[in-house]
Amino acid sequence: MSRVADRAALVDELRRMAVRAGAAIMAHYETGGGATQKEDDSPVTAADHDAEHIILDGLQMVAPDIPVVSEEQAAAGNIPEIAECFFLVDPLDGTKEFLRKNGEFTVNIALIENRVPVAGVVYAPAKNRMFYGWTPGEAYEQTIAPSADGSFDAAAAPRRICVRQPDDDGLVIIASRTHRDQKTDEYLNLYKVKEFLAAGSSLKFCLIAAGEADLYPRHGRTMEWDTAAGHAVLAAAGGSVTQLDGAPLLYGKSERGLDNPYFVARGGEGRK
């Protein structure tokens, strides 16, 4: 399958999956539970697996012809042949934040077409914040609580979001809560910085999309499922995600094992 004709309708389905996955995650969040270590030494929990099952089952129902690359399936060696059109799923982005109980973890679901993220949903169930977008000018935030049936009945009305133009007195920089490093600090010396914010998971892309920050540089390793949904939301809100040299950040990089080069996410004009 080469493309999805009705991305808006697809995103509605992805939102419902994310809300259901969020409910499963929050059930574990409230009761606690331990983690095991994967081969790359990153943690994984029952919440990761339960959320992934919900999303994979949902995608099989609504788009059975589109391959899905999902983090825990990939960790188990189950990576389908990547086509022109495929989904990238991180069922629980920010497992370390989940274990620390700071609420800064997300459910990420993205559609990739021709190596570009063209639709995405990012849901932070502990914060009741959902971000989604599918084409330039169609980016939204919605306040919605987790629900096992994926209901939007108690949700607030979605509001359109867009990136902002930075203030003349400097940029608001958002960086990883757990992965800030010296290379990032050296890169930020190139900019006039007014304020630093810290956030976990793909929320960093979404806060730029919502006009709450201006720039997110990342000099550490990330995987495609970590970034695709947030990238799609930010692009729909008028922002961009590029490699440090300005080249586009593309997806389906099988030759790299689906990891990303260093990148920077920007809102409006990121003035130096």
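Here is a friendly chat about a predicted model and some of its residues.

Reader: Hi! What should I know before I start looking?

Author: This is a predicted model, where local features need pLDDT of at least 70, side-chain atom pairs count only at pLDDT 80 or more, and totals for chains, interfaces and linings use all residues. Residues are numbered from 1 along each chain as its sequence is written, and side-chain values use heavy atoms, with hydrogens and water left out.

Reader: Great. How many residues does helix H1 have?

Author: Helix H1 covers residues 7–31 and has 25 residues. Helices (H or I, at least four residues) and strands (E, at least two) are DSSP runs, numbered from the N terminus. From first C-alpha to last, H1 reaches 36 Å, close to the 36 Å expected at 1.5 Å a residue; that expected span is 1.5 Å times one less than the number of residues.

Reader: And what caps the N-terminal end of H1?

Author: Asp6 does, with a side-chain oxygen 3.4 Å from the backbone nitrogen of Ala8.

Reader: Switching topic: where is Thr45, and is it buried or exposed?

Author: Thr45 sits in the loop between strand E2 (43–44) and helix H2 (46–62). Thr45 counts as buried because its relative accessibility is 5%. Buried means under 20% relative accessible area, exposed over 50%, and partly exposed in between (1.4 Å probe, protein chains only).

Reader: What does the side chain of Thr45 reach?

Author: The side chain of Thr45 reaches the backbone nitrogen of Ala47 at 3.2 Å, and a polar contact of 2.7 Å joins the side chains of Thr45 and Asp48. A polar contact is a pair of N or O atoms within 3.5 Å; within protein, one must be able to donate a hydrogen and the other to accept it, and residues adjacent in sequence count only if both atoms are side-chain atoms.

Reader: Nice. What about Thr106?

Author: Thr106 lies in strand E5 (residues 106–113) and is buried, with a relative accessible area of 0%. The side chain of Thr106 also makes a polar contact of 2.9 Å with the side chain of Asn108.

Reader: OK, aromatics! How many aromatic pairs are there?

Author: The structure holds 10 aromatic pairs. Rings of Phe, Tyr and Trp (its six-membered ring) pair if their centres lie within 6.5 Å; planes under 30 degrees apart count as stacked, over 60 as edge-to-face and the rest as tilted. One of the pairs is Phe205 and Tyr216, which is edge-to-face at 5.3 Å centre to centre, with 85 degrees between the planes. Phe205 lies in helix H6 (residues 203–209) and Tyr216 in strand E12, so this pair ties together parts that are 11 residues apart in sequence.

Reader: What kind of pair do Phe205 and Phe263 form?

Author: A stacked one, at 5.9 Å centre to centre and 20 degrees between the planes. Phe263 is in strand E14, so the pair links parts that are 58 residues apart in sequence.

Reader: Last one: how do E12 and E14 pair?

Author: In the antiparallel sense, over four bridges between E12 and strand E14 (residues 263–266); strands pair if DSSP finds at least two bridges between them. Leu215 has Arg266 as its bridge partner in E14.
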